[in-house]
Amino acid sequence: MTLDEDLEDAAGAQGGRLPTGEVHPGLRRARAWLSRVTEPGTVDFWRFVVAVGPVAAARLIRAGRAPERIRALVGARAQQDETLADLRRAERCGARLIVPEDDEWPAVPLHALTVSVSGEPDDYKRQSDRTLALVPPVALWALGPARLDQVVERSVAIVGSRASTAYGEHVAAELGHQLGERGWTVVSGGAFGIDAAAHRGAMAAEAPTVAVLACGVDRPYPAAHGALFHRIAETGLLVSEWPPGCAPLRHRFLVRNRLIAALTRGTVVVEAAARSGAQATARRAQLLGRQVLVVPGPVTSAMSVGCHELLREEELGATLVASATHVISAVGRIGDDLAALAERPTSSRDGLSDLAARVLDACPVRTGVSPERLAAVAGCDVLEVLRVLPALELADLVQWTGTGWRLAPPPKRTGGPGAAA
């Protein structure tokens, strides 16, 4: 069946659905064609598709009856058709096309993009640049067993520099692992450095992770991450707006960043240089009403300059985080994801009254002294010293030497190297 025949057949179906409730193949093919006919992120193109529907949009464009602005955006691609090749390519590698009409479509997280794009002006000359515009995707290609809507329901983006340091990779891997252990999905871009460390950390916890790509899901980029992407696709998902076979062009990385921000509840920036894509993702997250979370680094590190700048921007509202507990506390639901307080080392001095603490500080380490001497050093009455000394002795903080009072020696270690057999 030709594309035009499929589109005509789909146009006759009520809402593009079959009697079984499944999506009509012609509608899915229309979405596949629209995903290639123009680059994602164009405000007017997305509005046109929403206004007339995907099937009608494809038919009008191919017939040359679409508005002039749309015809200009599509250009020579209007008469090209690679949908069958794209769908076959996807089938061969085990990928699928997810469309807004599918139950698997992550409608709730992506609704933030719909709200955001509604604020774009009608005059295309005044609209946001395509690489910056917060426009919903027309369709998504996915490879992996996980359901997209379910796997991003409790998800966090972890992004950062490709030229990462050992510190950054360690932190990213730890965050990915800890979040995975707690049932959270890590979403990132599959790049070198922080992205890869976060993905690997999540997989080490046997948790699914999602890589949002700037090329076809059948075309690993960077090529050195072929094995990593294969592992991600075994339990998680590879996701892309571009059909299989599409190349990782530079501008596409800027466009895909909005999806990483939109699909998740918050974006964690682990390391970022003064100019970086990680910073751009964080700013998109803030515009979408998502949490922006930043891991601080050494003030001497060029890879943490961007992180510190994000924290300094008051209008961004970024939150400093140092652990998965901090992240979950920021992005989790109230009552369900409360973070436990950080554990503090306990001491036998905890809970001492001011008087007891002063008497304890007055006690010498070696030679015992009289209560009168302690009273003089502590600045209190002798009777007060005599009142607190028994309690300090019971707590093993002070010791009677036979001639006076001194600090009790620390307890001897038992076991371990050097211990008597």
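Tutor: Four bridges join strand E7 to strand E8 (residues 291-294), and the two run parallel. Helices (H or I, at least four residues) and strands (E, at least two) are DSSP runs, numbered from the N terminus. This is a predicted model, where local features need pLDDT of at least 70, side-chain atom pairs count only at pLDDT 80 or more, and totals for chains, interfaces and linings use all residues. Residues are numbered from 1 along each chain as its sequence is written, and side-chain values use heavy atoms, leaving out hydrogens and water.

Student: What makes E7 and E8 a pair?

Tutor: Two strands pair if DSSP finds at least two bridges between them. Four bridges join E7 and E8, so they pair. Within E8, Leu293 stands opposite Val268.

Student: And what about E3 and E7?

Tutor: Three bridges join E3 (residues 155-159) to E7, so these strands pair too. Thr267 is the bridge partner of Ala157.

Student: Why is Arg265 called buried?

Tutor: Buried means under 20% relative accessible area, exposed over 50%, and partly exposed in between (1.4 Å probe, protein chains only). Arg265 has 17%, so it is buried.

Student: Why is Glu206 called exposed?

Tutor: Its relative accessible area is 77%, over the 50% cut-off, so Glu206 is exposed.
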